[in-house]
Amino acid sequence: MKYYIVIPAHNEQDLIGLTLQSLVSQTVLPSKVVVVNDNSTDKTEEVVLSFAKENPYISVVNKTSDAIHMPGSKVIQAFQKGFETLDSDYDIIVKIDGDLIFPPNYFETIIKHFESDPKIGMVGGFCYIDKNGEWVLENLTDKDHIRGALKAYRKETYKQIGGLKPAMGWDTVDELLCKYYDWKIVTDESLHVKHLKPTGANYNKTARYKQGEAFYTLGYGFWITAIASAKLAMMKKKPFLFLDYIKGFMKAKKAKTPLLVNPEQAKFIRNYRFQKMKQKLF
């Protein structure tokens, strides 16, 4: 199976080289790698071009956008720009961040999962972060969720879910729509990926309400949002975030912000979330 990779990158000169080195060292190489240099003011482009010289399947696309780091929309707009430069001669499309180091067998293993069952729509490993010289699991989500930093989609799945939505919550709605369309999601605990910059390291103050807005646009409704907000605030060990999330939800509701899903999908998502919550309680 052929896989293409798109990497949105903003000021990643110190880390993108490590990511690309881990890609050119894969036991099964990607057919194409597009790095989208999104408004970088450092030497990100030069680092990528030095790899492209030796590895003709690597290319760089330059994009200008706001310097403000808003979770979700900015990164997916950059991804989209890279995706549009690709042909459709692939089996798997991959979105990764420019601050990861993959083990050499990562994509060989991902491909084996896709080949094992035609109903598998998404596959991913796990992100590990450096804590006092030790690589530990970046524990922000459940074990059955694939982190936004390393998403691999079967081509048919990617098309059916309508690609990636340029909004916060894109890396949750993709999986919920997978479930809606009856695709399987596989997470492989044997695949340890080094995440060099912990998630949310450079989110700004306006971004903190975005999580609540995302819960609204996913069609969660108030009670699921309240439970999800409490859980996330606890995981981040910042209980006051709960209020920010609820405020974000209420602001989005008041503004009648458009949902990322249609009413039927929203209903499915609420039922699915309630079932998962019940399973954990009992």
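Tutor: Gladly! This is a predicted model, and its protein chain has ten helices and nine strands.

Student: What makes the radius of gyration of the protein chain agree with a compact globule?

Tutor: We set one value against the other. A compact globule of 282 residues would have a radius of gyration near 19 Å, and the protein chain has 18 Å, so the two agree. The C-alpha atoms fill a box of roughly 55 × 40 × 40 Å along the principal axes.

Student: Why is Leu164 called buried?

Tutor: Buried means under 20% relative accessible area. Leu164 has 6%, so Leu164 counts as buried. Leu164 is found in the loop between α5 (155-160) and α6 (170-180).

Student: Which residues does Leu164 touch, leaving out those up to four places away in sequence?

Tutor: Leu164 touches Ile76, Phe79, Lys95, Tyr153, Tyr158 and Trp170.

Student: What share of the contacts with a separation of 6 or more comes from residues 24 or more positions apart?

Tutor: In the protein chain, such residues account for 78% of those contacts.

Student: Now to α2. How do you know that the buried residues of α2 are on the same side?

Tutor: In helix α2 (residues 44-54), the buried residues are Thr44, Val47, Val48, Phe51 and Ala52. They cover an arc of only 140° around the axis, and therefore they lie on the same side of α2. On the other side, Glu46, Lys53 and Glu54 are exposed.

Student: What makes helix α7 mostly covered?

Tutor: Count its residues: six of the eight in α7 (residues 210-217) are buried. They are Gln211, Gly212, Ala214, Phe215, Tyr216 and Thr217. These residues pack against α8 (222-235) and α9 (241-254). Just after α7, Gly219 takes a positive phi of about 80°.

Student: And how many positive and negative side chains does the protein chain have?

Tutor: There are 40 positive and 32 negative side chains, and the centres of the two sets lie 9 Å apart. As for the surface, the protein chain exposes about 13900 Å², with carbon and sulfur atoms supplying 55% of it.

Methods:
Residues numbered from 1 in each chain as written. Predicted model: local features only at pLDDT ≥ 70, side-chain atom pairs only at ≥ 80, totals over all residues. Heavy atoms only, no water. Helix = DSSP H or I, 4+ residues; strand = E, 2+ residues; numbered from the N terminus. Rg over C-alpha atoms; globule rule 2.2 N^0.38 Å. Contact = heavy atoms within 4.5 Å. Areas by Shrake-Rupley, 256 points an atom, 1.4 Å probe, with all protein chains shown as cover. Lys, Arg positive; Asp, Glu negative; His and termini not counted. Charge placed at Lys NZ, Arg CZ, Asp CG, Glu CD. Buried < 20%, exposed > 50% of the residue type's maximum accessible area, 1.4 Å probe, protein only. Arc of directions from axis to C-beta.
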